[in-house]
Amino acid sequence: MNAEVTAIDSLSRRPLLLLLASGLAWLLLGGLLALIAAAQLIQPAFLADCSFLTYGRTTALAETAFVYGWLANAGLALGLWILARLGGEALRAQNWIVVGTLFWNAGITIALIGLATGDVTGFSLLNLPGYVQPLLLVAYGAIAVSGILAWGGRRRSMMYASQWYAVAALILFPWFLSVAGVMLFWSPARGVVQAVVAGWYSQCVWTLWLAPAALAVAYYVVPKVTGRTLRSYSFAALGFWTLLFMGPWTGGRHLIGGPVPAWIPTIAVVTGALLFFHYIIVALNLRDTFAAPGVSLRFIAFGLAAYLLGGVTDALTSFHGLSMVTRFTYVETAEQQLALYGAISMIFFGGLYYAVPRITGRAWAFGGLITGHLGFSALGVVGLVLALTVAGLVQGGGLLSTEVSFAEIGELTQPWLVAVLFAQIILLFGNILLSVNFLATLALSPKAEVAQFRAPVAMEVSAS
Amino acid sequence: MSTEPPSDPRLDQAASSDDSLLSSHEKLLGRQPDEKAKYRLTPIALLFAFSGLILFAGTYLNRYAGHYDSLIYNENASPGGATAAPMAVDMVALGKKQFQSVCITCHQATGLGQAGIYPPLAGSEWVNGPEERVIRIVLDGLKGTVHVAGKEYGAAAMPVFGQVAGSGYNWSDEKIAAVLTYVRQEWGNKGAPVTTDAVTKIHQATGDHKEWSEAELAAIK
Amino acid sequence: MKHGFYFLLGLVGALGLSWAGIVMGSNTQLASLPPYADDTDTSPPWFPGEAARGEYVYKDLGCSACHTQQVRRPDFGSDVARGWGDRQSVARDYIYQPFPQLGNNRVGPDLTNLAGRRPNPPDEEDLMKLLYEGHGGMPAYKFLFEQRKIIGQVSDHAIKPSGAAPIPAGYELVPSRRAQMLVAYLRNLNTTSDYPESRPIPAAGAESAGSAPKAKPAPAKAASGAAPAPAKKATP
């Protein structure tokens, strides 16, 4: 029984499509909000009279919609799907997933309304008002239950890398969110300890949740499409544990030079360097992606390159010399966009293009829209990250000097911020293409072309 | 896979089944067939890379973690040196801050004071002269007319700054030494710095002295 | 990894270790930092009532998206040289703030010591005008103000904007409660107090504890790197 698409996919269709559809809706909303924020940087008077969309709130809104709306939903959908397929059973507890998704989306909606009316938390990547967190935790738990069941009930006792990463992402998120919720909202820690907890949380989001979710997708799709086992796979476990054990300690990265004792940023620098080991192993394992054909792998290759580049730049900008120029500038925004959009989101797009035909049983409706999305996304991400980096370096150079006023810095960064706006427009346009394609694929009548899947062959064990 | 049909972006084909994926990777982790004494480079390279990173990490941590002390904010604090003892104060910086918070209102930022009312500090023989006099002025205050550079000033009294009875400021000896150190090197003044110990000595010797007059001060040394 | 149990243990261990190390480690060190008492007063001071509420307004408008509230030490950028503070910010500066708004991006200047800026800190009128009109990259926060008919006497708090649109006769422009709280907060942001841990470490080889007077007129130097020379300051 080695068909590519089985009952596992057709029976799991409903909750997965719901998750993906909600994710895409948040992606579009997040893109629109990011557009508004980018416009406000160029022209502060834009929407300045609307208190719901003052710049401080718009950035919070855009980030929350993108991370907790799009990335969360997509990550959960792809993670559950992979766990179901590797576990060998259709998704269990599907009603829980559906209810969980609805409540998660309701929670994000409440969070966004809360942010727009003034409950901005001020913590990067944690702009979720306190009152919405319990709802999100419960909703997430409801969705994650299915994944844990799929993993626990797996047919083979061995665990493949995708399963490690997906289960880690499923299990760890509620834990560190609740810890942060307690220490920042319910029983707030005193003074700068809040900043330390917030820094730890944002690195947990990156290294314990989003990166594992993306790596689960990459580790699954790449060997499936190339037909060869991953290279140097025997080290994959080392890479996994290095990420988990070193990752959260990099939380102090956001506090370099800040009002915290020196050991916190120093540990962040050190563990950031140790994370190189993880990046080396991931590069070794997934290096076949770069040469392989297929649109999913193009997206994943881009995402992987962004992931590796991001790891290197994160470590480098933690050091004193570089951080003097890059700290408190748009370079940090660029790093975040490289990670969240360039790496995670692109890998999720790749996973999406691979998974949807299998989940729905139909090929995507328009091939042109797919290549269009690829082109626009790649162009948009490169443009966004480059423009923000240059703007940040200009800003940092101006900040370092005592003689450059903020008005001058504003003038110098202006052209680059306009480029950022264009990049956001391009990205949003690409995502509109994706959404149109997705809706068209779902709307196609059942008599339309059923996906013709090639019969799978045994996987080649590659010499690693 | 020899002849591959051009890939249709609308449908990425998978080459192998999930079961095959799992079983082949499981085989990889199992016991490998003997490679007949061929050494694989990757594990050695990774070993070196990891050892190198750990060496870097350990060295960096040792040097820059500031003893994990909660009061060390500068990672450059040398690992063997003094830890959380109060760091040396830059007397000029402290003195400048004190001056700009209080003294500047009367003696002005230029140190020129105001004619007839507030004596100048720039080029003043009182400021540049023996420290015993100027310490007493700041410590206990000055009342009555005073002559600086030939001109008379008398409209206002110098307040009491030290920790003596009737003081509205209660500055520590260190602060007084600091502000004097600052004043004695600013605006072209060439006076020597004043140490906290010197101020303490005079403070203890004079106790709760009321405001000095010019004549009393002139009598000192 | 065939054993699910050890796998889960590893997951919990990874999260727990980092939590114990960074979060609880720093919490143990910093959660009970006492205020610092020198000969004249204790610092940091508590915010008076209006100002304390102003911190909530600052947070909810998302001001930390563009403004930071942390001054770095002199050899780490130009924070001190630009006059944003006399010394670096330390943990003790924030112990009485319910939600320290450290900020991450400097589209606008750092605000740590706004009320202690020399020579002239901004007064209430300056700040109200700035909020109403905006300046450079800072948007105008007109929704924090109310234009209303003058009843009896002109209100004490009325502001006279210098911008393009004049107020019609018989009307006054009055800041809302939130604007007043915000401005009170901003006018209480100062770090003029000095803590032992915020002082720069002495240069290597000259480690003298206590108060050795230094005749060098330059602002405090740290062991590595030179302090940037504050030749002239542009308006921050």
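1. Let's start with chain C: buried residues make up 47% of its 236 residues. Here buried means under 20% relative accessible area, exposed means over 50%, and partly exposed is what lies in between (1.4 Å probe, protein chains only). Chain C has four helices and four strands, and along the sequence they follow the pattern α-β-β-α-α-β-β-α. Helices (H or I, at least four residues) and strands (E, at least two) are DSSP runs, numbered from the N terminus. Among contacts in chain C between residues at least 6 apart in sequence, 70% join residues at least 24 apart. A contact means heavy atoms within 4.5 Å.

2. A quick word on what you're looking at. This is a predicted model, where local features need pLDDT of at least 70 and side-chain atom pairs count only at pLDDT 80 or more, while totals for chains, interfaces and linings use all residues. Residues are numbered from 1 along each chain as its sequence is written, chains are lettered from A and ligands numbered from 1 in the order in which they are written, and side-chain values use heavy atoms, with hydrogens and water left out.

3. Now for chain B. Its 221 residues are 43% buried. You'll find eight helices and two strands in chain B, in the order α-α-α-α-α-β-β-α-α-α. Of the contacts in chain B between residues at least 6 apart in sequence, 55% join residues at least 24 apart.

4. How do chains A and C meet? On chain A, 79 residues are in contact with 79 residues of chain C. The area buried between chain A and chain C is about 6300 Å², and carbon and sulfur atoms give 66% of it. Buried area is the accessible area (1.4 Å probe) that two parts lose on being put together, summed over both. On the chain A side, R190(A), F328(A) and F406(A) lose the most area to chain C, together 13% of what that side buries.

5. Have a look at Q163(A), which sits in helix α6 (residues 161-186) of chain A. Is Q163(A) buried or exposed? Q163(A) is buried, with a relative accessible area of 1%. Leaving aside neighbours within four places in sequence, Q163(A) is in contact with L83(A), L86(A), G87(A), R154(A), M158(A) and, over in chain B, L22(B).

6. How many disulfides are there over all chains? The count comes to zero, where a disulfide is a pair of cysteine sulfur atoms within 2.5 Å. Take C50(A): its sulfur is 16 Å from the closest cysteine sulfur, in C63(C), so the two are too far apart for a bond. C106(B) is in no disulfide either, and the nearest cysteine sulfur, that of C103(B), is 8.6 Å away. Both are partly exposed, C50(A) at 27% relative accessibility and C106(B) at 28%.

7. Next, empty space. Rolling a probe the size of a water molecule over the atoms shows where empty space is left. A search of the whole structure finds eight cavities of 30 Å³ or more. On a 1 Å grid over the protein atoms alone, a cavity is a set of points where a 1.4 Å probe fits but cannot get out, and lining residues have an atom within 4 Å of a point. Grid points are joined across faces, edges and corners, and a volume is the space filled by probe spheres set on the points. The second largest cavity holds about 230 Å³ of space. It is lined by 19 residues, and the closest to its centre are G122(A), F123(A), A195(A), A198(A) and N104(C). By class, that lining has six nonpolar, twelve polar and one charged residues. Ala, Val, Leu, Ile, Met, Phe, Trp, Tyr, Cys and Pro count as nonpolar, Asp, Glu, Lys and Arg as charged, and the others, Gly among them, as polar.

8. Two backbone spots in chain B deserve a glance. Q108(B) has a positive phi of about 65 degrees although it is not a glycine. Q108(B) lies in the loop between α3 and α4 and is partly exposed, at 26% relative accessible area. A149(B), also not a glycine, has a positive phi of about 50 degrees. A149(B) is in the loop between β1 (146-148) and β2 (151-153) and is exposed, at 53%.

9. Finally, A109(B) is in the loop between α3 (91-107) and α4 (125-128) of chain B. A109(B) is exposed, with a relative accessible area of 54%. Not counting residues up to four places away in sequence, A109(B) touches I104(B) and W187(B).

Methods: On a 1 Å grid over the protein atoms alone, a cavity is a set of points where a 1.4 Å probe fits but cannot get out, and a pocket is an open set with protein on both sides within 12 Å along at least five of seven lines; lining residues have an atom within 4 Å of a point.
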